[in-house]
Each structure stands twice: as structure tokens, then as C-alpha cells.
Amino acid sequence: MTIKGIGLARPDTRHLTLIAALLSMLGPFSIDAYLPSFPDIELEFGVSRAILSQSLGFYLLAFAFSTLFWGPVADRYGRRLVIVVSMALYTLGSIGCALANNIETFLLLRIAQGLAASGGFIAGRAMIRDAHDAESAHRAMSQVTLLFALAPAIAPVLGSWLHNHYGWRSVFWFLSIYGSMLVLMGFFIRETLVDEHRQSIHPGAVIRVYLTALTHKRFPALIFSLAFAFAGLFLYIAGAPTVIYDFLGLSGNDFGWLFIPMVVGLMLGAAISSRLAHRWPAHRTITVGFGVMIVAALFNLLDVNLASVGIFAVVGPLVLYVIGLALMMPAITVLAMDCLPTHRGTAASMQGFLQMITNAGVASFAVPLLHARWVHFVYGQLLFLLLALVLWFRLRRQAA
């Protein structure tokens, strides 16, 4: 069956939402699950925290650049093929990480993981937008965010448990099993890209589409606004070992104190966003989300200047920030993809590329630069939020 006037396939959308959520969860699992193992990996490979942190930055850079490949492939050959192939490659990369015996091999295979993981992420996003109209896509994306939010809480806790019982390599064996499961699921989903929407994969055609995206009057501003807003959260995710070990003086078993409250905030914000999808226009939801994040940043400034460092002082404002982020993230994602309605895979690629490049910059430069003191993290988050606000309210002023 097709949606009248659009020509899009409508498969079982609840099934697609679950698949897209599981594909999205792969990123947080790949990033967060091995964070509690940092001290042991450093010891085994004989490297510093700064060197091992590059394994996160390399993964994110590989993820970012490979999105530019997977999007056009998904627009040409379909979402299903991309999911199966990319998740099979991810599984092989994860097995390689589990078997690595030196830091050079480990870093190389983390790059391989990143190159593959982006394929499922891109295909899942495009698949959701294929099967829904704009309002339903907002709601479905909110549900994806709601399920995706579980990953940052589960990943470090599960990673810590696996590390304590079976060693750090077991984390990557788990990731290989997760990837294998996604490969199998890929064989059973229905294709959502109809034949008349399949695009050329000729390099000239692909470059023209990317240039159209980059020169679009709204698309880059929407994506960078989301990327900078998310960077304010990712600073604490990528810097979790510093926050837990150095700022709070906790142990590897205590990552849940940071990640579980953040997940509660993500789930709450996503649930509210889903409820508002058919009641408010997208721009109002996004503006309110930014308002919540502003309040959170102000509380953060008060805490760092007036309160002593502690779990509530560090994590409390972060939870409020995450609620605002989860509130606006599904709406702004749908607005961005609708800028290129006939190239949704490519739009998802550009979105993933620009957001992951930003995250890689946070992991590779911002965290090492700001890791010395809690106040540096606070001001770093505020700077990222201000950049996002400038872009969003400039868009709103142009629309008005």
C-alpha cells in the first residue's frame, strides 16, 4: 500500500520503530560500554588516558565520514541491504577489537566499527521517514528516542559488569553479538524505499545532492543547531571517565550515577515530545526545548559557583538539560530531513556526518582541553548551547 500523494510504502510501522531504535542504540553501546574499562585497557596496552581517548575520537570520525557513503547507497539500493551489510561489517570489527593485542590494532578496528555502525543509523532514520507523514514521523522519532535513551544507561552498567566478571574484551564480544542480532533482523524487515524514489549513485549526482544540502537555506542551520545542542550533553558522555573518577572521586562501578539520571531525562523529554507531536507545531516544541536547556545551563552556572562538587550538583542540571534536548531533537530531525524530501538517505547522511564530526571534535579536543576542572565543563556546555541558540533563533527570525 502507498500513502496517497506521496508514493511511500507503509509497512508495519511499530516494527520499523523498534528496528530503528535498536540501530540507533548501537552508537551509545559502542561509545559508552567500554568506558569503565579504560584503566585496564590503558594498563594492558601501556598507553595514557589521552591516547586511549583517541579510540573514541577515531570511532566518531569514521562514523561521520562513512555516513556520506551509506546515505547515497541507501537511496539507491534500499534501506534493508544497507542494514544487513553494515551490521555484518560492524560484527567483524567488534570481533577484531576483542582479539586486538596492541593499541595500533585496537585503534584501527575501532575505525572499522565506526565505518560500519553509521550504515544502520542512516538506514533506520530514512526508514522511519519513508513510512510516515511529517507529524507521525515526529511521533515515531520521539519513540525511537525514548527507546534509544535506554542505551546510555544500560551500556556503562553492562560494560562494567562484563569487565568485572570477564575482562574488558568481553565488552567487544557482546558488541559482536549485538551486531549479529541486527544482521538477522535485517533479513526480516520489509523495504520502505519504493522504486520511483531510488536515486543515482553516480559520483556527480551524489555530489550535486550534497552541494544542494550544504547550500540549502535551512538544512545546515537546523543540523548544526542540533549538533551544538547535543555537544553540550556529549561533553559529559565523552568525558565520563573524568567526571566519575576525577571530579566525583567515584569508582568504575559508579557510572550509573551519571548515566541513569541522564536516561531518565531523555525518556521523559522524548515522551513529552511524542505527546506534543500532534498538538504543537514543530518550531514551538523546539523553542520550548531550548528554553528548558537555557534554564539547565543557568542552574549549572549557579551550582559550579555556589555549591561544592557532588553528584546532585553535577548531575542535577544535566538531567534538566537532557529533558530539553530530548524534547526538541525529534522535531528538529524531521524538519531537517524534510528539506530534502526525495533524498532522505542523503539528508540523514549529512545530518549524521555533521553531528558526528561535532561529537568527534568534542571527544578529541574539547574533553582534553576542559578536563582539568568541573567549571571548564560547565562553561563548555554553555558555549555549545549558545551556538545552537544563535542558529535556531536566526532561522526563526528569517521565517518570520
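**How the chain packs: a conversation**

Author: In this predicted model, 60% of the 400 residues of the protein chain count as buried.

Reader: What makes a residue count as buried here?

Author: The cut-off is a relative accessible area under 20%. Of the 400 residues, 60% fall in that class, so they are called buried.

Reader: Why is the radius of gyration said to agree with a compact globule?

Author: A compact globule with 400 residues would have a value near 21 Å, and the protein chain has 20 Å, so the two agree. Along the principal axes, the C-alpha trace spans about 60 × 50 × 35 Å.

Reader: How do you know which secondary structure elements the chain has?

Author: A helix needs a DSSP run of at least four residues, and a strand at least two. By that rule the protein chain has 16 helices and zero strands.

Reader: What makes a set of residues a nonpolar core, and how many residues has the largest one?

Author: The members are buried residues of nonpolar kinds such as Leu and Phe, joined through side-chain atoms within 4.5 Å. The largest such set has 133 residues, with Phe106 and Phe290 having the most contacts inside it. Helix α14 (residues 311-337) gives the most to this core, namely 16 residues. Apart from this core lies another of six residues, including Ala21 and Met141.

Reader: Which residues does Phe106 touch?

Author: Leaving aside residues up to four places away in sequence, the partners of Phe106 include Tyr34, Phe45, Trp168 and Phe172. Contact here means heavy atoms within 4.5 Å.

Terms used. Residues are numbered from 1 along each chain as its sequence is written. This is a predicted model: local features need pLDDT of at least 70, side-chain atom pairs count only at pLDDT 80 or more; totals for chains, interfaces and linings use all residues. Side-chain values use heavy atoms; hydrogens and water are left out. The radius of gyration is taken over C-alpha atoms; the globule rule is 2.2 Å times the number of residues to the power 0.38. Buried means under 20% relative accessible area, exposed over 50%, partly exposed in between (1.4 Å probe, protein chains only).
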